[in-house]
Every structure is written in C-alpha cells, then in structure tokens.
Amino acid sequence: MEKHKTKSIDNHFGAFMARLAGEKWQAIAPVAGMVSMATRAGHACLDFRNSPEEWKVISDDEGSEACWPGQWPPEIKGCPVVGDGPGSTPLVLEDGRLYLRRYWQYEKDIADYVLLKSGESDRAVDFARLEQGMARLFPGRRGGVDWQKLAAMAVLLRPFVVITGGPGTGKTTTLVRIMVLLLEQQAGEDGLRIALAAPTGKGVARLQAVMAEIGKGLDCQEDIRAKIPTGAMTLHRLLGPIKGSPFFKFNADNRLPYDLVVVDEASMVDLPLMAKLTRALPPEARLVLLGDHNQLASVEPGAVLGD
C-alpha cells in the first residue's frame with residue numbers, strides 16, 4: 001500500500017491530544033494524527049490489526065517518516081484521552097481499533113439498532129393472505145433458491161432487512177412486490193406510511209422512474225396499486241436538515257412519521273448519516289436497505305452496507 005501523508009490538521013490534532021494527555025503520554029500524538037488521517041481518508045477508525053507497513057506516515061512538516069515510539073502500536077491503554085467505550089474521552093480504543101469518539105458512537109448506534117431489529121417482528125401476519133399474495137406476485141421457478149421470494153418473506157417477518165445484489169438482479173422489482181404484500185396485509189386499515197429515499201438526487205430520480213414503471217404491470221387490486229408510492233426524496237430531505245447546523249429535524253426525540261423506510265443505493269450512505277437515520281426511526285418502523293456493496297461507495301467515512 002502506498003504511504004500516506006498527514007496534513008497539518010492531523011498533526012495539530014495529534015499535538016492537541018498530547019497536550020491534553022500530559023507529558024507522560026506524548027506517544028499519543030502520532031497515533032491521534034493517524035486517526036484523524038484515517039477518518040479523512042474515509043475509514044471509521046485506525047485499525048491496529050493491520051500491519052505497520054499499511055499505516056506508514058510521512059510528515060508534511062518534517063518531510064521524513066514518523067516512526068512509532070517503541071513497539072507497534074505504542075501502548076496507549078490508560079492514556080487520559082483514550083477510553084474503552086462509554087465516557088467522554090476524545091478517542092476510543094476497542095478490539096484493536098482506535099476511533100474518534102464521534103465515529104465510535106455512530107458505529108455503536110448502528111450496531112445496536114441492527115442487533116435490536118434482527119429478530120422477528122412482533123406485527124401480526126395474515127399467513128393465508130400472504131401465501132395467496134406470494135403465489136400471485138412471485139410465480140414458482142424451477143430449481144434453485146428463489147432469492148426474491150425469500151427477500152419478500154424476510155421483510156414481512158423482520159423489521160430490518162438488507163436486500164443486496166448486482167445490477168439487473170431485480171432488487172427494485174422485488175421491493176415493489178413486497179410493498180404490495182405489506183399493503184395487502186393492511187387491507188381495511190388506514191394504510192401503510194412508506195418513505196422511499198436515496199442518498200443523491202440522481203438516485204431519487206432513478207428510483208421514482210423505476211417505481212412508476214414497475215407498478216403498472218403488477219397483479220394486484222387497483223386500490224392497492226394506488227397506494228404504492230412513486231415519490232422519493234434524498235435522505236437529507238427525509239431527515240429534515242436544519243440550516244446552518246449538522247443536526248436534523250427528525251432524531252431520537254422527534255421520530256419520522258413512517259411505518260416503512262426504504263433506502264436505495266445504500267452503499268453510498270456513510271456512517272454518520274446512517275446512524276442519524278436509525279436514531280430517527282420509530283420503534284415500530286421497518287427499515288429496508290437496497291444496494292450493491294461492490295458499487296458506489298460512500299464519500300464520507302464508513303462503508304456501512306459493505307461492513
């Protein structure tokens with residue numbers, strides 16, 4: 001791997017951490033600088049489990065390699081600015097990975113959400129109606145596993161589902177059929193509040209066009225077809241950006257008003273944005289992520305779908 005260069009902002013951050021830590025802990029300076037550098041490069045953390053050669057640093061100020069004092073990595077456990085999880089230290093060391101606290105919290109929030117929502121949904125399912133709908137919308141195929149049908153069953157039975165596959169594998173087609181199944185389960189009720197979102201405006205336009213086209217040919221009643229959403233929005237618009245602030249209108253204290261949130265091109269969603277989305281979801285809401293982790297990586301730190 002080619003050697004990385006720290007920028008002055010990384011060096012200043014490292015020096016600041018060393019000042020906070022005290023004279024005994026000056027070895028934290030290059031480590032903290034590299035955490036800053038790794039985050040700027042799109043990583044959620046500095047992974048000490050990688051070989052030293054993967055994290056060599058060339059200092060912009062000195063023009064020479066910065067070597068770790070002593071062994072790799074230097075012993076930083078017990079350093080006043082490094083914690084092991086809960087607390088307020090600027091850095092968090094967990095399982096050989098060193099994080100800026102904010103990114104550790106983002107990752108923890110998403111992990112907690114996934115663990116909480118990985119079990120079966122507590123919503124009642126009309127299995128007779130579901131069986132009829134599955135037979136109609138997913139005609140039987142000969143041989144092999146019908147992954148589209150399995151994806152549909154997963155969304156009906158679980159509150160959090162990832163549907164992934166390469167281009168042309170039918171992710172969006174499957175999604176529309178899943179919506180029909182969910183809407184049929186809600187027959188006689190007020191309906192299902194559905195939000196369709198994508199990370200970019202281009203993704204929103206593509207999703208809207210595909211949804212409108214697929215919905216025309218579905219084998220379902222007209223009142224159900226009329227409830228299939230064709231409008232979509234960017235994730236930022238969904239969450240409601242507050243002008244001049246990194247915060248959003250919808251958050252843990254003001255939840256989104258939806259029963260189902262679908263995010264297309266989820267590989268482009270970075271760690272902070274995904275964490276803010278999971279915080280804003282109502283406890284009873286379903287979340288479905290669609291995408292291909294081999295395409296369209298996020299620009300900001302964190303490869304959530306791939307991870």
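Buried means under 20% relative accessible area, exposed over 50% and partly exposed in between, with a 1.4 Å probe and protein chains only. The model is predicted: local features need pLDDT of at least 70, side-chain atom pairs count only at pLDDT 80 or more, and totals for chains, interfaces and linings use all residues. Residues are numbered from 1 along each chain as its sequence is written, and side-chain values use heavy atoms, with hydrogens and water left out.

**Exercise 1. The chain as a whole**

Task: State how many helices and strands the protein chain has, and what percentage of its residues count as buried.

Solution. Helices (H or I, at least four residues) and strands (E, at least two) are DSSP runs, numbered from the N terminus. By this count the protein chain has ten helices and twelve strands. Of its 307 residues, 47% count as buried. Contact means heavy atoms within 4.5 Å. Among contacts between residues at least 6 apart in sequence, 70% join residues at least 24 apart.

**Exercise 2. The surroundings of Leu130**

Task: Determine whether Leu130 is buried or exposed, and list the residues in contact with Leu130 beyond its neighbours within four places in sequence.

Solution. Step 1: Leu130 belongs to helix α4, residues 127–137. Step 2: its relative accessible area is 3%, so Leu130 is buried. Step 3: with neighbours within four places in sequence left aside, Leu130 is in contact with Val125, Met153, Leu156, Leu181 and Gln185. Step 4: Leu182 is 52 residues from Leu130 along the chain, yet their C-alpha atoms are separated by 8.8 Å.

**Exercise 3. Two helix pairs**

Task: Describe how α5 crosses α6, and how α1 crosses α2.

Solution. Axes are lines fitted to C-alpha atoms, for helices over the stretch in contact, and angles run from 0 to 180 degrees between N-to-C directions. Angles under 35 degrees count as roughly parallel, over 145 as roughly antiparallel, 65 to 115 as roughly perpendicular and the rest as oblique. A crossing is left-handed if the near helix is turned anticlockwise from the far one by less than a right angle, and right-handed if clockwise.

Step 1: the axes of α5 (residues 147–157) and α6 (residues 171–185) come within 10 Å and cross at roughly 40°. The two helices are therefore oblique to each other, and their crossing is right-handed. Among the α5 residues that meet α6 are Ala152 and Leu156; the α6 side includes Leu181 and Gln185.

Step 2: the axes of α1 (residues 8–21) and α2 (residues 28–40) come within 7 Å and cross at roughly 140°. This pair is therefore oblique as well, and the crossing of α1 and α2 is right-handed. The residues of α1 that meet α2 include Phe13 and Met17, and those of α2 include Ile28 and Met37.

**Exercise 4. The parallel sheet**

Task: Give the order of the five strands in the open sheet, then trace the pairing around β11.

Solution. Two strands pair if DSSP finds at least two bridges between them. Step 1: the order is β8-β12-β11-β9-β10, and the pairing is parallel. Step 2: β8 (160–164) and β10 (233–234) are at the edges with a single partner strand each, so one side of each lacks a neighbour in the sheet.

Step 3: β9 (residues 194–198) pairs with β10 over two bridges, where Ala198 has Thr234 as its bridge partner. Helix α7 (residues 201–216) lies across these two strands, at about 130° to β9.

Step 4: four bridges join β9 to β11, and Ala195 has Val261 as its bridge partner there. A further four bridges join β11 to β12 (residues 286–291), with Val263 opposite Leu289. Between β11 and β12 the chain passes through helix α10 (residues 271–280) in a right-handed β-α-β crossover; right-handed here means that, with the strands pointing away from the viewer, the path from the first strand over the helix to the second runs clockwise.

Step 5: in a regular strand the side chains alternate between the two faces of the sheet. In β11 (residues 260–263), Leu260 and Val262 point one way and Val261 and Val263 the other way, and all are buried.

**Exercise 5. The strands around β6**

Task: Identify in which sense β6 pairs with β7, and which residue of their hairpin takes a positive phi.

Solution. Step 1: β5 (residues 82–83) and β6 (residues 91–94) run parallel, joined by two bridges, and Gly83 stands opposite Val92. Step 2: β6 and β7 (residues 97–100) pair in the antiparallel sense over four bridges, with Leu93 opposite Leu98. Step 3: two residues lie between the strands of this hairpin, and Asp95 takes a positive phi near 50°.
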